[in-house]
Amino acid sequence: MTTLSPARIWWTANELAEARFPDMPSTRQNIERWISRVNLRANPSLARRRSGRGGGWEYHWSALPLAARKALLAEAQMPAPAPVIDRGALWAWFEGLPEAVQDRARARLRCVQSVEALEPHLSRDLAVREVAQTEGVGARTLWNWMGLIEGVRRDDRLPHLAPRHRAVQRKVVRADFDEEAFDWLKSDYLRLAGPSFSSCYRRAARVAREKVWTLAPERTMRRYLDARVSQPVQVLARKGLEALKRMYPPQVRDKTALHALEVVNGDFHRFDVFVSWPGFSQPVRPQMVAFQDVYSGRILSWRLDLTANSNAVLLCAGDMISDWGIPEHVVLDNGREFAAKLLTGGAKTRFRFKVREDDIPGLFVGLGCEIHWATPYAGQSKPIERAFRDMCDAIAKDPRFDGAWTGNKPEAKPEDYGSRAVPFEEFLRVVAEGIEEHNLRQGRRSEVAWGRSFAEVFNESYERSPIRKATEAQQRLWLLGAEGLKADARTGRVKLMGNEYWADWMHEIAGERVIVRFDPADLHTGVHVYASDNRYLGAAECRQKAGFLSVEEARLHAKARGDWLKAERAALKAHKTLSARELGVDLDAVAPKATHTPEAKVVRPMFKAATRPAAPPPQQGFEAAQATVVADLAARRNPPPASETPRERFRRALELEQRQATEGGAITDEQLRWLKVYQSTPEYRAERTLWTDFGDAYFG
């Protein structure tokens, strides 16, 4: 089988410029630049030295752009009849004919087959005449058709009977115009500004009149432009690279070889709904992070937050792993919230933030998941984007959100924009309801659903697939941590966000600094307590505040306290194996026995001395006076009443100062001592400044 090729295989740069093929420069200099840019001479199969006078280089026709190669093949003449005909090329040519022309070839074949069917009973001439009369064609014409298939295989007759005028290359008469004018028009049209062809033609016509160029009519020039410049090149020049990428068909991946929870993908989605978020006076547009099973399309977990952040991703991934299991592969968006070290630290293909050898493994890396990063700005690489598109209609436009929808772009705002904000609890309930409906909706048309819902497809595969489950210790990896908390010095309890957490083992950490890991969305489920060096100590339950007059809560608290005291008494009894009496008996048994008391060998002499008078007996009046003095001193040392305000104390000090200045110091020693101490305090100086500014009006 021979390959269809043009009559001329090798071309020089001058010949290529003169040929003016589509998608190729029209001057020798630009041809040489194109050859240098693609480094064509480095390939010996596409470029060679030209033999003969002048030398130079010549290039193979297969190195030319696709449009130029098509033009070369279109100019090639049909090969002359030869004993051996390329059957593949012949049938390919027939397949490219219009359906009406193919029908004419089938009608001719039917006439020939009718003649061959009558020939055994009649002569060929009579058979030809009979069929010609029946089909309404001339006998000479029928003889010509039979001559076309003479010596041809019976299964190859159809392309030979096709009208041959379709195989003749039409001679196109080129309109008269200057190439310089065409190049000017083409350069003006192929700009990112995207001007219309008519405006470009009018500008080219003005320039052509000035430079005496010949220009064909507008529609003729447009046809020549479309013939020489392919549509992808026009899109690239006028709409940019991203528009050209969209012209290439997306890759379609097969999901039938997967199973449930083998591959999951996650991303953030901002709802087009105004919501009254707790703690914010202005309405906000919440963001949702979700993880989806790629095989079935089911939404496995989701969480709401104000912004896209790594903590929300961590908790959402924790919900998925605790509810369903550990996935094998995770496809993540390349945003900073997913590339945080908390999630993907230690991944080899993580190209966000600084990568160190001693990075602590993130959640997915620590659980043995293989991480795949989605292509930036390519929603087709994340199947969850298709689910988000459904939610933009099914959830964001729910009737219960009427008046709160913001529109999906600034220029698409509804008439009632900003007229309402949905309460947070209602928004949370409707979103949960919408996601559940998304998972249970029947009639899905994916290659694995076949009319079933995403939940049914997932459940069927989940039951028969090997799924890795997270241990209790692994489930604590995605909880948030609060460092620097100090346990109560007496009970060991820990306070966090207005709640108290305690367990019976926490007396061991009383007064110590600890780390608490918790789920911020469910603080009442308890926390996990770690030592300051990140050692796991245990779990602590939430001790909720009870009503002040709640008898039932008091009874439950008393019962819990009694049980705890009973358990502690039992533990003490287990440790005290001996009673105090038994300990005393043992001590009596080992007590030292009494020995003989030795006599003193040295006696201190007694000398004669003056007899000291005996002390007089205490008098009752003296003791009463002493008690009165002590009571008076104690009363003077007592501080002023707690009800006295700073302004009243300053007023008392001011009165003492005035009395001391006018009456010659007519104050007691105790009052003078108090005044000197008070004058040295910051309170006195502050009150003195205010009184200096406002005078006695300061006292009211």
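This briefing walks through the aromatic contacts in the structure above. Keep in mind that the model is predicted.

**Phe-177 and Tyr-224**
- These two rings make an edge-to-face pair, with 5.1 Å centre to centre and 70° between the planes.
- Phe-177 sits in the loop between helix H8 (157–160) and helix H9 (179–189), while Tyr-224 belongs to helix H11 (residues 218–228), so the pair links parts that are 47 residues apart in sequence.
- Both Phe-177 and Tyr-224 are buried.

**Phe-271 and Phe-427**
- Why is this pair edge-to-face? The planes of Phe-271 and Phe-427 stand at 85°, which is over the 60 degrees needed for that label, and the ring centres are 5.4 Å apart, within the 6.5 Å cut-off.
- Phe-271 comes from the loop between strand S4 (263–270) and strand S5 (275–276), and Phe-427 from helix H18 (residues 424–440), so this contact ties together parts that are 156 residues apart in sequence.
- Phe-271 is buried, at a relative accessible area of 1%.
- Phe-427 is buried too, with a value of 0%.

**A cluster of rings**
- One aromatic cluster is made up of Phe-650, Trp-674, Tyr-678, Tyr-684 and Trp-691.

**Arg over rings**
- Arg-8 places its charged end over the ring of Trp-11, 4.8 Å from the ring's centre.
- Over the face of Tyr-189 you'll find Arg-238, at 4.0 Å from the ring centre.

Methods
Residues numbered from 1 in each chain as written. Predicted model: local features only at pLDDT ≥ 70, side-chain atom pairs only at ≥ 80, totals over all residues. Heavy atoms only, no water. Phe/Tyr/Trp six-rings, centres within 6.5 Å; stacked < 30°, edge-to-face > 60°. Helix = DSSP H or I, 4+ residues; strand = E, 2+ residues; numbered from the N terminus. Buried < 20%, exposed > 50% of the residue type's maximum accessible area, 1.4 Å probe, protein only. Lys NZ or Arg CZ within 6 Å of the ring centre and 35° of its normal.
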